[in-house]
Amino acid sequence: MLGNGVIGILSESTNKWERRVPLTPSHCARLLHSGRGKTGVSRIIMQPSTKRIHHDALYEDVGCEISDDLSECGLILGIKQPKLEMILPDRAYAFFSHTHKAQKANMPVLDKILAEKASLFDYELIVDDNGKRLLAFGKFAGRAGLIDFLRGLGQRYLNLGFSTPFLSLGASYMYPSLAAAKAAVISVGEEIATFGLPSGICPLVFVFTGSGNVSLGAQEIFKLLPHTFVDSSRLSELFGRARDSHFARTSKRVFQVYGCVVTCQDMVEPKDPTKRFDKADYYAHPEHYSPIFHEKIAPHASVIVNCMYWEKRFPRLLTSMQLQELMRKGCPLVGISDITCDIGGSIEFVNQSTLIDSPFFRYDPFNNSYHHDMDGNGLICLAVDILPTEFAKEASQHFGDILSQFIGSLASIREIEKLPAHLRRACIAHEGALTSLYEYIPRMQNSDSEDLSQTFASSHSNKKKYNILVSLSGHLFDKFLINEALDIIEAAGGSFHLIKCQLGQSENDMSYSELEVGADDNAVLDQIIDSLTSIANPNESFGSLKEETNTLSLKIGKIHKNGLEKEFDTKMKPVVLILGAGRVCRPAAEFLASIGSIRSQELLKTCIAADFEENNNIQVIVASLYLQDAEEIVEGIAHATGVQLDIMDHGSLYKYISQVEVVISLLPPGCHRIVANACIELRKHLVTASYVDHSLSELDGAAKSAGITILGEMGLDPGIAKSSGITILREMVLDPSIGFGVRDLEFSGLRDSGSSLLVRDWVCWCFLFAADVFVLFHD
């Protein structure tokens with residue numbers, strides 16, 4: 001059936017808004033009327049659809065057939081994945097499958113393709129000789145995303161008491177064409193240029209993140225308004241002029257908007273002040289950089305248009321706590337158009353996608369609440385994940401213009417070896433078997449399917465004797481570097497376990513994987529490391545990314561020896577998980593890991609009356625968002641291991657907590673609720689060093705039902721300070737003659753440091769907080 005020249009086009013069924021088509025009637029006409037000898041296409045059969053952007057009759061007019069039955073088709077095309085029952089044996093399929101990076105959610109589609117002995121071509125993998133994708137919708141997402149947001153911006157400003165020309169805009173899908181939508185934006189721009197915007201919302205600054213197609217599409221719409229682009233370094237100067245008293249007195253209206261395009265060098269800076277930002281180094285070692293977007297850019301933004309790809313190993317663009325602080329300081333931020341629609345991604349509070357016909361939610365950072373209206377505190381957010389289909393006609397035309405150039409080869413050639421190189425590379429499976437470029441998928445799939453809760457134990461027990469953590473970053477999949485790396489490991493007799501995989505989403509984005517590599521012989525492990533190093537770029541700076549697109553960045557952890565070492569036998573020892581990597585973390589890890597030693601036993605015996613069991617060593621796991629931070633914390637500490645963990649990754653958090661007895665959260669207070677909920681569900685005890693606020697207090701009943709203890713306010717502050725306060729109160733109750741003033745409560749030993757006032761006030765606050773009584777202050 002393959003190569004018979006008959007093309008089928010699926011009726012899209014994944015989303016009611018999906019109206020795009022891989023080929024328009026005009027493309028079909030050219031393919032059919034030019035003759036099979038020239039195009040390789042003899043027939044085109046369309047599944048009927050009443051929502052497709054082009055009516056069935058238009059396809060019939062150019063010679064296409066309309067039928068639900070595609071059994072006569074050798075090549076079947078779609079935009080999104082078809083339903084599994086639509087995959088027929090011995091056919092070739094082409095659509096966006098999102099399977100070549102072993103994405104777990106999409107594996108059923110690939111499994112069905114293989115089971116039916118079918119072939120699969122992925123549009124995402126059709127690239128030119130420079131690795132640039134030929135088939136994509138990025139610009140259309142950017143265009144629709146900004147138009148939709150401008151409409152919502154007008155509604156939001158109206159609720160804030162400002163009338164703006166943006167109110168007249170419709171959503172992108174409401175216009176019959178992209179040209180009509182642009183004309184509406186131009187009309188808004190003319191009104192701004194003529195009548196201006198209220199000075200109370202100006203300067204109106206749009207910050208665009210990233211420089212790819214999505215960002216370019218959004219900027220294309222923005223440029224239809226009267227505008228000026230400002231360098232990121234001049235944003236504070238722009239706001240300084242706007243807030244100048246003379247400006248405020250003389251300018252009642254402002255007749256333009258401002259734009260600012262920022263890339264990663266505007267979002268982070270090296271932790272080492274002697275170093276300059278280097279993009280390649282940042283991609284390879286993001287842990288060496290600190291976020292600055294919330295300090296340098298966000299305070300001056302009215303609108304953030306988020307167009308950049310983000311991975312968990314990078315600092316977030318905006319955390320919820322950073323946003324809360326910005327709003328508290330009076331930041332003019334009104335809303336965010338998250339065109340990437342990255343749930344829980346670079347903008348932390350974006351926890352949901354929205355619909356084309358209901359594209360906004362309102363987020364109130366002060367109480368961390370979400371609302372589906374335009375009234376009230378906070379900011380609005382657009383997070384639609386299917387934006388290009390709002391311009392279905394133009395997007396389909398653009399897509400078909402490119403696809404129709406090589407569709408004939410796909411339709412008429414059965415032997416994959418005879419296909420052009422760019423199509424061979426895009427073939428994931430052929431006649432029920434993975435092609436050589438994608439043979440790594442089951443290896444990654446099998447590794448990824450292993451329970452992460454066993455990662456810690458298995459990496460030090462029943463796998464290989466010597467194990468090491470290897471981090472790979474680069475164009476691992478689109479340049480097939482992952483194949484080479486895995487081949488090296490297995491050819492040497494080693495094994496690998498996939499710990500983490502972050503996937504690049506465009507030709508300019510790198511992917512990142514963490515592998516636990518093992519071998520029974522240390523010399524074999526050294527050989528694997530040497531071989532991996534040989535395919536990595538030996539130049540520390542990695543040169544220009546554009547010139548070094550085929551290079552691999554390699555980061556090697558520390559070798560852990562397995563065997564019968566008692567220190568890694570987690571099944572025989574209690575395990576404590578410490579979340580966080582701040583200054584308090586290392587002393588806690590040192591103390592816990594030392595329990596069982598003579599010194600720690602003597603120390604504990606002075607604190608508790610009961611006998612302490614000898615040699616009751618505790619295994620400590622320190623988890624941090626960045627692996628390097630965790631490894632630095634545990635360096636030199638026996639019985640302690642550092643791991644990477646993002647608590648927002650629900651699965652990983654639960655799997656790590658499931659393998660321990662006690663969790664100690666040294667994270668910011670706002671994170672404790674997330675950890676506490678997991679501990680309650682898994683029936684694990686939790687200790688924190690933060691004040692017990694309302695969000696934790698209301699979990700009291702659930703914790704009791706689960707039979708666990710959630711112990712807060714441990715440590716010097718606030719634990720000891722509060723305990724001291726309670727002791728004093730008890731003395732006062734027992735002897736009413738005892739009285740004292742606020743000035744009596746201070747640590748005199750700190751006076752010389754100049755911090756006496758701060759400490760005194762803080763201890764007083766702790767005392768009064770512990771007292772929970774009415775207090776009358778006297779000057």
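Which backbone nitrogen lies 2.8 Å from a polar atom of the side chain of Glu348? The legends below, which begin with this residue, describe close-up views of a predicted model.

View 1. The backbone nitrogen in question belongs to Ser320, and it lies 2.8 Å from a polar atom of the Glu348 side chain. Apart from neighbours within four places in sequence, the residues in contact with Glu348 are Arg316, Leu318, Thr319, Ser320 and Met648.

**View 2. The buried residues of helix α19.** In this helix, which comprises residues 585–594, Cys585, Ala589, Leu592 and Ala593 are buried. These residues lie on the same side of α19, because they cover an arc of only 95 degrees around the axis. In an α-helix there are 3.6 residues a turn, so residues three or four places apart point the same way. The elements that cover the buried residues of α19 include β26 (575–579), β27 (619–624), α21 (627–634) and β29 (662–665).

**View 3. Parallel pairing of strands β1, β2 and β3.** Strand β1 (residues 6–9) pairs with strand β2 (residues 43–46) in the parallel sense over four bridges. Within this pair, Gly8 stands opposite Ile45 of β2. Strand β2 also pairs in the parallel sense with strand β3 (residues 65–66), over two bridges. Here Met46 has Ile66 in β3 as its bridge partner. Between β2 and β3 the chain passes through helix α3 (residues 56–61), and this β-α-β crossover is right-handed.

**View 4. An open sheet of eight strands with mixed pairing.** The order of the strands is β9-β11-β8-β14-β15-β18-β16-β17. Strands β9 (227–229) and β17 (369–371) stand at the edges; each has a single partner strand, so one side of each is left without a neighbour in the sheet. On average, neighbouring strands of this sheet are turned by 20 degrees against each other, direction ignored.

**View 5. Strands β8 and β11, with two helices packed on the sheet.** Strand β8 (residues 205–209) and strand β11 (residues 257–262) pair in the parallel sense over five bridges.

How values were computed:
Residues numbered from 1 in each chain as written. Predicted model: local features only at pLDDT ≥ 70, side-chain atom pairs only at ≥ 80, totals over all residues. Heavy atoms only, no water. Polar contact = N/O pair within 3.5 Å; in protein donor to acceptor, adjacent residues only side chain to side chain. Contact = heavy atoms within 4.5 Å. Buried < 20%, exposed > 50% of the residue type's maximum accessible area, 1.4 Å probe, protein only. Arc of directions from axis to C-beta. Pairing = 2+ DSSP bridges. Right-handed = clockwise from strand over helix to strand, strands pointing away. Axes fitted to C-alpha atoms, helices over the stretch in contact; angles between N-to-C directions.
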